[in-house]
Amino acid sequence: MTPHATPKLTPLGSSQSPRSPPAQAEPLQDLSEDQVEGPSVADEDFDEGLFGDGDSAYDTSDDATDSASLNSSIMRFREENGRTYHSFGGSTDHWGPNDEMAQDQQDISHHFWTLMLHGELYLAPIKNPQVVLDVGTGTGIWAIDVADKHPEAFVKGTDVSPIQPTWTPPNAKFEMDDFNVDWNYTDKFDLIHERELLGSVTSWPKFYDRAFKALKPGGWIDCSEPGLYFESFYDTLGPDHPYKTWGTCMLEAGNNAGMSFDVGPYIKQRLEDAGFINVVEKKVCCTIGKWSKDMHERETGLWEQLRLERGVQDFCQRRFMNNLGWSAAEVSVFGARMRAAVKNNRLLAHHWFYFVVGQKPL
Ligand SMILES: C[S@@+](CC[C@H](N)C(=O)[O-])C[C@H]1O[C@@H](n2cnc3c(N)ncnc32)[C@H](O)[C@@H]1O
């Protein structure tokens, strides 16, 4: 290890640390290694001097896609600042664009989420679900993978954006539907999946009540959400760091819009409040970039870096402009600072992820 690098790597004292012990999780499909400690920094990263800016195993020069042409169906959507958004008459405006660039980012994210679960598509301990619902399905990639894996199951994906492919497995179906208004299902599904709906739900208690009603007795809800904050166990983020601005402004923007981005830590309690039993939370720390010693964490860290780099401006642009009053130029500058931070492995930054499952009683 390079001697001069060592002092930077002293973890903060526990009183300053953003760590909080995860809930006592029971093993779920042998995937239950809750992580209490932060990842260990790989020695070779210091030896190899890999902390230079832009250290990545992937090509990050994606700016050319800014001018990606929009096909005719996408032109039907609403356009703001050069990006398209859904125009389905739902109760709320989703924060994220739905054009090709955004869809590519969602598909990269899907690979990342699956890697986080070591190749599994969900954590709920249900082997052969027959009727599955994926709410806020996005590009539908999760629903399609589940339909492929369980050809005997029927999988429905719903969203306010009609961006799902028309060519799908015969047992997968997509529908336009708004999850913020009443759901027309009672005792119907074996498994309900929701992933990355932070900042899109007007009332989580109502959302979980609706899911509870829609599940068959004994059915499972499976929730996956990222934490809102980007942090470091090491003293690398000053008060003016864009990650700090991110946390403060995303929290305020989401609250102003009436749909919080800070949801992960509250899922477990909310599921219990809604009447779910056997609720288990698995809280996993993911590095941003490949700075961990652990090979799996290095891989997830790289994919996290890629999906954030592609997505971070999309996550905040609409909310910062419409709900905080930022100008397009301000968002653009902030987006560039965030992308630079995401690519900077020297920050030894991390991001928590929440996987929570619960069962409707028999
Ligand atoms: C960040 S994407 C996640 C997509 C997908 N769950 C995944 O993980 O790949 C959020 C999705 O929620 C959808 N969404 C937002 N508000 C919605 C609403 N009120 N009803 C249905 N879908 C909604 C968006 O259109 C978008 O496709």
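The protein chain has an average pLDDT of 82, and 77% of its residues score at least 70. Here pLDDT is the predictor's confidence in each residue, from 0 to 100. The model is predicted: local features need pLDDT of at least 70, side-chain atom pairs count only at pLDDT 80 or more, and totals for chains, interfaces and linings use all residues. Residue numbers start from 1 along each chain as its sequence is written.

Two residues are in contact if their C-beta atoms, placed from the backbone, lie within 7 Å. Where pLDDT is low, the predicted coordinates should not be read in detail.

The secondary structure of the protein chain comprises 8 helices and 9 strands. These are DSSP runs numbered from the N terminus (helices H or I, at least four residues; strands E, at least two). Of the 362 residues, 43% are buried. A residue is buried if 20 or more other C-beta atoms lie within 10 Å of its own, exposed if 12 or fewer, and partly exposed in between, with C-beta atoms placed from the backbone. Among contacts with a separation of 6 or more, 73% join residues 24 or more positions apart.

An open sheet is built from 7 strands in the order S5-S4-S3-S6-S7-S9-S8, with mixed pairing. Strands S5 (172–176) and S8 (277–287) stand at the edges; each has a single partner strand, so one side of each lacks a neighbour in the sheet. From one strand to the next, the twist averages 15 degrees. Two strands pair if DSSP finds at least two bridges between them.

Strand S6 (residues 189–195) pairs with S7 (residues 215–232) in the parallel sense over 6 bridges. Within this pair, Leu191 has Trp220 of S7 as its bridge partner. Two helices pack on the sheet. Helix H3 (residues 141–149) touches S3 (131–135), S4 (154–159), S5 and S6, and its direction makes about 175 degrees with that of S4. Helix H4 (residues 204–214) touches S3, S6 and S7, at about 150 degrees to the direction of S7. Axes are lines fitted to C-alpha atoms, for helices over the stretch in contact, and angles run from 0 to 180 degrees between N-to-C directions.

S6 also runs parallel to S3, joined by 4 bridges. Asp134 stands opposite His193 in S6. S6 is mostly covered, with 6 of its 7 residues buried.

Asp187 has a phi of about 50 degrees and lies in the loop between S5 and S6. Asp187 is exposed, with 11 other C-beta atoms within 10 Å. Glu196 has a phi of about 55 degrees and sits in the loop between S6 and H4. Glu196 is partly exposed, with 18 other C-beta atoms within 10 Å.
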